[in-house]
Amino acid sequence: MGKLSALAFEGMTTVTLSEHVEEIEKLFREHNRALIAFLQCRLNSHSDAQEVAQDAYLRMLTLDNREDVESLRSYLFRIAGNLAIDRLRKRKVRGDFVAGQSQDEPMAEESPVHHAIAVEQVAGLRKALSELPPKTSQAFVLHVIEGRDFGSVAQTMNLSERMVRYHVTNALAHCRAMVDEQEMP
Amino acid sequence: MAKSKQDPILHAAADWWVRLRAPDAEGETIEQWLAWTGEDRRHLEAFERVNQLASQLGSLDSVTRQGLIKAFGRTVAPQRRWMPLAAAASFVAVVLGGAYITWISLNRVNIEVYNSAVAQNRDFTLPDGTQVALGAASTMTTHFSRGQRQIDLTSGEAFFTVVHDNSRPFVVGAGDISVRDIGTAFDVRRTGDRVTIAVTQGRVQVSNISQKPGASQGGTLEVTAGQLVSYDPNTSAMSMGSMTAEQATGWQDHRLEFVDEPLSVVIANLNRYSRQPVQIADTDLDTLTYTGLIRTDAIDSWLDALPKLYPLRVDTHGNQVILSDEHPAAHR
């Protein structure tokens with residue numbers, strides 16, 4: 001928590017400081033894990049989630065209208081959600097630029113070590129996907145692996161977005177269970 | 001599939017992941033999700049595991065990524081032909097007398113070879129529940145993938161009672177001919193490249209998929225119960241006739257039925273049931289056609305009666321039966 005307090009000093013008056021920092025620290029203790037999970041869901045990257053979370057706490061600490069905020073937790077998640085949208089937007093601009101240079105390369109967003117997936121896991125994933133109805137695995141691959149949003153997948157597959165979400169949900173649960181099974185023989 | 005259904009927490013986690021993913025997920029959704037994570041510590045753990053998998057898959061190396069997109073991300077073609085798949089899958093099948101099954105799992109296409117010995121019909125149930133009665137001395141290969149069930153009838157005869165599945169077409173290839181199930185039971189007989197299809201229930205689509213120059217292209221016939229289609233490889237023509245279910249499936253009960261078939265075709269099919277191979281010595285006999293029934297448990301008496309029906313002679317040489325012109329001197 002030392003880091004948060006240090007950040008706080010940069011933008012706050014000493015009068016409200018200790019009380020407000022305590023509030024934010026409490027928020028961090030109780031909800032940081034959920035916040036990171038929420039952001040990772042949005043950004044599909046653990047390291048990006050951590051960066052954006054850090055940014056969100058900073059904004060919470062430098063909040064100048066504390067009295068207008070009813071629930072700090074809700075506010076934290078709203079700020080974080082908006083920051084995630086910004087980041088996705090920036091990433092898209094960068095992604096389009098990268099795509100213009102090379103069609104096949106995915107964005108070099110992640111360190112390969114952090115997210116490396118074992119060869120056996122890929123084989124297990126293929127098996128898991130082949131067990132699913134074709135539309136279920138297709139929706140999943142287009143959204144999670146190719147990185148297209150629900151609307152674009154729905155258009156390609158000529159389905160409603162709701163159906164696409166339904167397929168992605170089923171595939172996610174199935175693939176997670178299957179990959180787990182492999183990790184714990 | 002079973003396991004993910006058994007784990008409601010994991011399924012709920014995946015559901016939340018999808019709901020939170022939408023950038024327009026409102027504060028209320030997030031509050032509900034936070035409440036859910038607060039209910040049980042396993043909830044957030046399951047959610048994190050879903051996150052972890054999704055993050056891994058979102059940042060695959062380009063080769064793996066493209067491979068998966070190619071394999072699963074493309075729309076399943078509604079009517080893919082069986083030929084390319086069959087050609088793509090190289091396999092070695094060890095085939096002996098009786099029925100032998102070779103199971104080879106090639107990534108996504110499961111290939112099985114079924115065959116039967118002379119004078120021996122076999123019954124199979126395919127993995128999708130489809131019932132197959134395989135005639136004697138017949139070979140077929142099944143190529144089953146997620147989106148397609150393809151059968152290659154290499155030789156002989158088979159009767160299919162298909163478990164229909166709109167998302168997984170059932171297609172039987174026999175040489176130039178492709179038969180596509182539309183909820184049905186049907187018989188396919190292949191004699192060399194000559195193919196007859198008899199439908200006993202429902203409908204099938206019969207297509208000529210040959211790429212031969214000069215062949216009439218793109219012909220597709222819809223054939224319904226009680227109808228019979230014969231494909232002649234020499235003319236690439238398909239002709240329609242009628243045949244009852246009893247006639248079409250008679251071979252399963254020792255009865256071979258033929259409607260206006262060349263004698264050579266009749267003999268070739270008879271040989272699938274005959275312990276003694278029958279040969280046609282004179283090519284003019286090929287022009288004779290036969291309509292009628294042959295009992296496979298009484299082939300000898302049929303052969304004995306043959307000279308009464310046709311101007312030909314039946315001789316036995318060792319283990320072989322030879323059919324030849326009645327008057328060799330008058331030949332030509």
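**Interface between chain B and chain A**

About 5200 Å² is buried between chain B and chain A, and carbon and sulfur atoms give 62% of that area. Buried area is the accessible area (1.4 Å probe) that two parts lose on being put together, summed over both. The model is predicted: local features need pLDDT of at least 70, side-chain atom pairs count only at pLDDT 80 or more, and totals for chains, interfaces and linings use all residues. Residues are numbered from 1 along each chain as its sequence is written, chains are lettered from A in the order in which they are written, and side-chain values use heavy atoms, with hydrogens and water left out.

Chain A brings 53 residues to the contact and chain B brings 49 (heavy atoms within 4.5 Å). Three salt bridges cross the interface of chain B and chain A (a side-chain nitrogen of Lys or Arg within 4 Å of a carboxyl oxygen of Asp or Glu). One of them pairs D180(A) with R49(B), with the closest N and O atoms 2.3 Å apart.

Five helices of chain B, α1 (2-6), α2 (8-21), α3 (27-39), α4 (41-58) and α5 (62-72), each supply at least two residues of the side that touches chain A. Helices are DSSP runs (H or I, at least four residues), numbered from the N terminus. The largest share, 14 residues, comes from α4(B).

No disulfides are found over all chains (cysteine sulfur atoms within 2.5 Å). C41(A) is buried, at 0% relative accessible area. C175(A) is also buried, at 0% (buried means under 20% relative accessible area, 1.4 Å probe, protein chains only).

Methods. Buried < 20%, exposed > 50% of the residue type's maximum accessible area, 1.4 Å probe, protein only.
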